Amino acid sequence: MLAELRQFFASVGVLEVETPLACRTAGTDPQLQPMTTCYREPGCGDDGTKLYLQTSPEFAMKRLLADGSGPIYQICKAFRDGESGRLHNPEFSVLEWYRPGFSLGELVDELVQVLRIGLGRPGLGHSVLTYQQAFRECMDLDVLSAPVEVLCQAAGRSGIDGIEASQLDRDGWLDLLMSHVVQPRLGRDELCLVTDFPASQAALAKLRPDGMTAARVEVFYRGV
């Protein structure tokens, strides 16, 4: 798989890079907790310097982009503290790549190609839904206009009980419904790409002209 991925990126002119795993500063995402280690520089006693193990290579790769690297990719280790379960491991491998100048549609097409390689299924089909369409198909809910009270009632009808409307803000309800009700139904037989997330669910993504949604895409396969 790794050999095929590298061959693919070489064939489309994307440069492989390598960036530091341990840095003096951590990322700024409040949802990700970095692991740390201590570097004891010769002659500086036992206190040492705290180093953060990268939660992803994003920041270092964006420095390369800002310096004019052009399209780049990296396959490397990443580390996240406090994450362990059926779908998470505190140490894992990640593929991250950047395509300056690509439209979202071009990136979607390339994402499908890469996932077919990673999954070992060259003929795997795919579909594209907007966030709004995904909620409409799975829950018969117009999620972009629904107030918190309606989202809470929809959760109750889907078997999520014991949470009052006031216990979560609107984004909290969206996250809960997406992860527990909508996501498990996505991509059962093919890749399912969900686009046009609510603006509040899309940090760093460009807003659409409607001001309500943003150019963010997530891909789901077999409910993951």
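Predicted model: local features only at pLDDT ≥ 70, side-chain atom pairs only at ≥ 80, totals over all residues.
1. Buried is used below for a residue with under 20% relative accessible area, exposed for one with over 50%, and partly exposed for those in between, with a 1.4 Å probe and only protein chains considered. Helices (H or I, at least four residues) and strands (E, at least two) are DSSP runs, numbered from the N terminus. By these terms strand 5, residues 72-79, is mostly covered, since 6 of its 8 residues are buried.

2. Residues are numbered from 1 along each chain as its sequence is written, and side-chain values use heavy atoms, with hydrogens and water left out.

3. On the overall description, the secondary structure of the protein comes to 6 helices and 9 strands, and its C-alpha atoms fill a box of roughly 65 × 45 × 35 Å along the principal axes. Of the 224 residues, 33% count as buried. Taking a contact as heavy atoms within 4.5 Å, residues 24 or more positions apart account for 57% of the contacts with a separation of 6 or more.

4. As for the surface, the protein exposes about 13200 Å², of which carbon and sulfur atoms supply 50%; accessible areas come from the Shrake-Rupley method with a 1.4 Å probe, and for residues only the protein chains shown count as cover. There are 21 positive and 30 negative side chains, and the centres of the two sets lie 3 Å apart. In that count Lys and Arg are positive and Asp and Glu negative, while His and the chain ends are not counted; the place of a charge is taken as NZ of Lys, CZ of Arg, CG of Asp or CD of Glu.

5. Returning to strand 5, its pairing can be followed on both named partners, where two strands pair if DSSP finds at least two bridges between them. Strand 1 (residues 15-16) runs parallel to strand 5 and is joined to it by 2 bridges, with Leu 15 standing opposite Ile 72. Strand 6 (residues 91-98) runs antiparallel to strand 5 and is joined to it by 8 bridges; here Tyr 73 has Trp 97 as its bridge partner.

6. An open sheet of 3 strands has the order 2-4-3, with antiparallel pairing. Strand 2 (22-23) and strand 3 (36-39) stand at its edges with a single partner strand each, so one side of each is left without a neighbour in the sheet. Between strand 2 and strand 4 (residues 49-53) there are 2 bridges, and Ala 22 stands opposite Leu 53 of strand 4.

7. Gln 54 lies in the loop between strand 4 and helix 2 (58-66) and is buried, at a relative accessible area of 7%. Neighbours within four places in sequence aside, Gln 54 is in contact with Thr 19, Pro 20, Leu 21, Cys 76, Lys 77, Ala 78 and Phe 79.

8. With a disulfide taken as a pair of cysteine sulfur atoms within 2.5 Å, a search of the whole structure finds 0 disulfides. Cys 23 is in none, and the nearest cysteine sulfur to it, that of Cys 76, is 11 Å away. Cys 23 is partly exposed, with a relative accessible area of 24%, whereas Cys 76 is buried at 11%.

9. Thr 213 is found in strand 9 (residues 213-220) and counts as buried, at 5% relative accessibility. Residues up to four places away in sequence not counted, Thr 213 touches Leu 144, Asp 196, Phe 197, Pro 198, Ala 199, Leu 207 and Arg 208.

10. Asp 140, in the loop between helix 4 (131-139) and helix 5, has a positive phi of about 50° although it is not a glycine, and it counts as exposed at 67% relative accessibility. Leu 204, in the loop between strand 8 (191-198) and strand 9, has a phi near 75°, again positive in a residue other than glycine, and counts as exposed at 82% relative accessibility.

11. Asp 161 is found in the loop between helix 5 (148-157) and helix 6 (170-182) and is exposed, with a relative accessible area of 62%. Asp 161 and Ser 93 are 68 residues apart in sequence and 36 Å apart in space, C-alpha to C-alpha.
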